[in-house]
Amino acid sequence: MNALRAIGRDGRLLFATRFVRLFAYGGLSVVLVLYLVGLGLSEADTGVLLTTTLLGDTLVSLYLTTQADRLGRRRMLVVGAALMVGAGLLFAFTHELWLLVVAGTIGVISPSGQEVGPFLPIEQAALSQVVPDRARTDVFAWYTLAGAIATALGSLAAGFLTNSLQRSWTAVDSYRAVVIGYACLGAALFIMFRSTSIAIEPRASSRSAGPRSPLARFSGLHRSHGVVLRLSALFALDSFGGGFVVQSFAAYWFFLRFGVDPKTLGTLFFAANVVAGLSALVASRLANRIGLVNTMVVTHLPSNVLLMLIPVMPTLPLATLVLVLRFSISQMDVPTRQSYTMAVVTPDERAAASGVTGVARTTGAALSPLFAGLLFSHPSLINVPFYIAGVLKIAYDLLLYRAFRSVKPPEEGRVAR
C-alpha cells in the first residue's frame, strides 16, 4: 500500500482507466462468441473473425505504442479509446461478416477478457516513471489486481444483464446490449485519458540524444532491442498457446460441454478472475524473495498442468474447481513479467519495449483462435485446444527460464543486455 500512496493523481487516474477498460473487456468476453454465433456466424467464421480482430489490434498497437514516447503518450491513449468506441458500435449494429472484420481489424475489441490495444504498454511506461525500482513490482501487482477485479465484475455484470434482458428480449438483443455498453465505456475512457497531465510523458532528459537508425526510429528501441526481441519471441509462444483457450472460447466450451447459461458463466468467470487478481499480490511478495524470473516460471508451470486437466473433469463442479485453481496461480506471472520488462530496458524505451512485447503477445494470441474455431466446429475435438495450450505454455516456461535466469533487474543485481 505504501507504493500506491506515491503514484499521484495521474497514477490514480491510470488505475481508474485500467478498471473501466477491463470491466468492458470482461463483460464482452462472456457474450462475444455467443453473440457472433447468434448473428449467424459459424464457429469457424467466428474463429477467423477473432483472429483478424487480434491481428488488427496488433498493427494498431505496434504503431501507437512505438511512437508514444515520441508523439505523446496521452495522445496515443486518446486515439486508442476512440478506436474502441468505433469498434463497439460497428459490432453492435451490423451482422455482415466483412463489416465485422473491418471493425475488428481497425478498432479495439477484446475477445479474451484481457488487454488488447495500445493502453497497457503506455500505462506501464507511465507508472514505471513515477515509482522507484523497488516499488515497481508492488505497484504492478495492485494494477493487475485492479484489472482482474474489473474483469471479474464485468463478466458478472454481463451474465446477469443478459439473463435479465432475456425475459423480454431475444438472446441476440441481450448480447447486443453488452456490446453497446462496451462502446459507452470506451467513450468514458476517451474522457479520462484527456484528463491526464503532461507528467505521464517521458522526461526530456531521459530521451536519447544523437542520430538513430531507421529501425530505432520505427520501433522506438535502441540499446535494449536485443533483450526485447528475445522476450517478444517467448511471449508470442506463450500467447499463441493461450489463444486456444481465450475466455470467450472457454465460456463457449462450458456452454457446449455442460449447457451452462450466460448468468452462470458470468458468475464462474467472476470468481476465477477475482482469485487471479488476488494472486498478483502474492506474486509481488514471492518475487521479492526468489526473483522475478523464478516467480514467473514456478507459478506458471503448474497452472498449465491444471489447464490440461479441465477437459478431463467429468462434471461441472469438478471442471469449475480445476478452472478456479488454475486461475489462482495462472496470472501470478503477469505483474512480474510486466515489471521485469520495464526493468531491463532504459526509461525512454519503456513504452516501446512494452508495446513491442505486447504486440508479440497479441500476434501469438491472434493466430490460435483460427485453429481453435475449427476445432470447436467438430464436437469430438472441443477438448483438444486445452491440451495444445498447455503443452505450448509449458514449453514457454522452460525456454524463458533457460534464456533469462541470469538477466537480473536493478533491484536484484546486475542487468545484462
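Reply: Helices are here DSSP runs of type H or I with at least four residues, numbered from the N terminus. The model is a predicted one, and the description below should be read accordingly.

Helix α11 covers residues 247-258 and helix α16 covers residues 350-376; the two pack at an angle of about 5°, and their axes are 12 Å apart. Because of this angle, α11 is roughly parallel to α16, given that angles under 35 degrees count as roughly parallel. On the α11 side, the contact is formed by Phe249, Tyr252, Trp253 and Leu256, while α16 supplies Pro369, Ala372, Gly373 and Phe376. Sorted by class, this contact of α11 with α16 holds seven nonpolar residues and one polar residue, with no charged residues.

Leucine 367 belongs to helix α16. Its relative accessibility is 38%, so leucine 367 counts as partly exposed. With neighbours within four places in sequence set aside, leucine 367 is in contact with Thr51, Leu55 and Phe240. Leucine 367 and glycine 47 are 320 residues apart in sequence, yet their C-alpha atoms are 9.3 Å apart in space.

Phenylalanine 258 is located in helix α11. At a relative accessibility of 23%, phenylalanine 258 is likewise classed as partly exposed. Its contacts, leaving out neighbours within four places in sequence, are with Trp253, Met313, Pro314, Thr315, Leu316 and Ala319. Trp253 also takes part in the contact between α11 and α16.

Alanine 403 is placed in helix α17, residues 384-404. With a relative accessible area of 32%, alanine 403 is partly exposed. Residues within four places in sequence aside, alanine 403 contacts Arg230 and Leu234.

Threonine 144 lies in helix α7, residues 133-165, and its relative accessible area of 5% makes threonine 144 buried. Beyond residues up to four places away in sequence, threonine 144 touches Arg18, Ala280, Val334, Pro335 and Gln338. Threonine 94 occurs in the loop between α4 (73-93) and α5 (97-106). A relative accessible area of 10% places threonine 94 among buried residues, since buried means under 20%. The side chain of threonine 94 reaches the backbone nitrogen of glutamate 96 at 3.3 Å. Threonine 94 also contacts Tyr35, Leu39, Leu99 and Leu100, neighbours within four places in sequence being left aside.

The largest nonpolar core has 92 residues, of which Tyr25, Leu36, Phe91, Tyr182 and Phe254 touch the most other members. Helix α2 (residues 8-38) contributes the largest share of this core, 15 residues. Not counting residues up to four places away in sequence, tyrosine 25 touches Met84, Val108, Ser110, Gly113, Gln114, Glu115, Val116, Phe119 and Tyr182. Apart from that core lies another, of 21 residues, including Leu221, Ala287, Tyr396 and Phe404.

Key: Residues are numbered from 1 along each chain as its sequence is written. This is a predicted model: local features need pLDDT of at least 70, side-chain atom pairs count only at pLDDT 80 or more; totals for chains, interfaces and linings use all residues. Side-chain values use heavy atoms; hydrogens and water are left out. Axes are lines fitted to C-alpha atoms, for helices over the stretch in contact, and angles run from 0 to 180 degrees between N-to-C directions. Angles under 35 degrees count as roughly parallel, over 145 as roughly antiparallel, 65 to 115 as roughly perpendicular and the rest as oblique. Contact means heavy atoms within 4.5 Å. Ala, Val, Leu, Ile, Met, Phe, Trp, Tyr, Cys and Pro count as nonpolar, Asp, Glu, Lys and Arg as charged, and the others, Gly among them, as polar. Buried means under 20% relative accessible area, exposed over 50%, partly exposed in between (1.4 Å probe, protein chains only). A nonpolar core is a set of buried Ala, Val, Leu, Ile, Met, Phe, Trp, Tyr and Cys residues joined through side-chain atoms within 4.5 Å. A polar contact is a pair of N or O atoms within 3.5 Å; within protein, one must be able to donate a hydrogen and the other to accept it, and residues adjacent in sequence count only if both atoms are side-chain atoms.
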